[in-house]
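Colleague: I am new to this structure. Please take a close look at a single part with me.

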Amino acid sequence: MSPVADTVLDVLTAVCLVVGALMSLAAAIGLVRFPDLLTRMHAGSKPQVFGLLLMLTAVALANRDPAMVPLIALGWIFQLLTVPVSAHMVGRSTYRTKHLNRDTLTQDDLQKVLERAQESGSRDGQQTDGSAGTR
Amino acid sequence: MEAAVAVAAVLLGAGAAGTLYRLAKGPSLLDRVVATDVLLAIVAAALAVEMAYHQHLNNLILMVIVSLIGFIGSVTVARFATQTAEHGR
C-alpha cells in the first residue's frame, strides 16, 4: 500500500479511537450528572452502540484485512441485538420498582396499559400483578 | 498513533472513574446495573484500543464474551429486582 494511503488510514484510526473514547467519557459524565435512572440509561447506551462501532471501525482500519471485516461486523451486530433487550428489561424494571422521577416524564404510555391489565385482571378474578407473563 | 492511543487511554480512564463512582454510590440496584453495563462497554473499548494499536484481532472473541456477560447480567438482575421491589432497594 502506498505511504499516503497508509497515513490516511492511520489518521482515520486515530480519530475513531479518540471519538470512541469520548463516547465512554460522555456516558460516565451522564451517569454521574443525570438525575434519575431513565436518563442515566439514555447516557449509558452511547458507548455500548456508537462507541463500540467507532472502536471496531478503528480495529478494522488498523488491521487492513478485508477478510476479517465480517467477523468484526458480527461483533457489532451482536451488541446491537442484545443492548435493546437488556435496556428494555432494565427500563421495565425501573418502572415497576418506581425508581423514576415522574416530574421529568413528558409521556407515559405504560400506565394506561397497566391500568387496563389491572381492570381485566380484577374482572376475571385473577391477580395480574404477580404473574411473570405480563412483564 | 501513539498520541491517539494515549488520549484514548486517558478518556477511557476518566470514563471508568465516573462509572465506578456511580457504581459505588448507587442509589438503587438498577443504577448499579446500568453502571456495570457501561463499565463493561469501557472494558470492551479498551480491548479494541489495544487491538488497533498492536494490529491484531486476538481480543475480538473476548469483546463478544464481555458484551454477552453484560447482557446476561443486566437482564438477570433486572428480572430479580422486579420481584423483590417490595423489599426496597
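Is the crossing of H1(A) and H1(B) left-handed or right-handed?

Modeller: First, the ground rules. This is a predicted model, where local features need pLDDT of at least 70, side-chain atom pairs count only at pLDDT 80 or more, and totals for chains, interfaces and linings use all residues. Residues are numbered from 1 along each chain as its sequence is written, while chains are lettered from A and ligands numbered from 1 in the order in which they are written.

Now the crossing. H1(A) and H1(B) cross in a left-handed way: the near helix is turned anticlockwise from the far one by less than a right angle (clockwise would be right-handed). Helices here are DSSP runs (H or I, at least four residues), numbered from the N terminus.

H1(A) brings residues including A:Ala14, A:Leu17, A:Leu25 and A:Val32. H1(B) brings residues including B:Ala4, B:Leu11, B:Gly18 and B:Arg22. Contact means C-beta atoms, placed from the backbone, within 7 Å. By class, this contact has 19 nonpolar, 4 polar and 1 charged residues. Ala, Val, Leu, Ile, Met, Phe, Trp, Tyr, Cys and Pro count as nonpolar; Asp, Glu, Lys and Arg as charged; the others, Gly among them, as polar.

Last, the setting of H1(B). Chain B has 3 helices and 0 strands (strands are E runs of at least two). From the N terminus on, its elements run α-α-α.

Notes: Contact = placed C-beta atoms within 7 Å.
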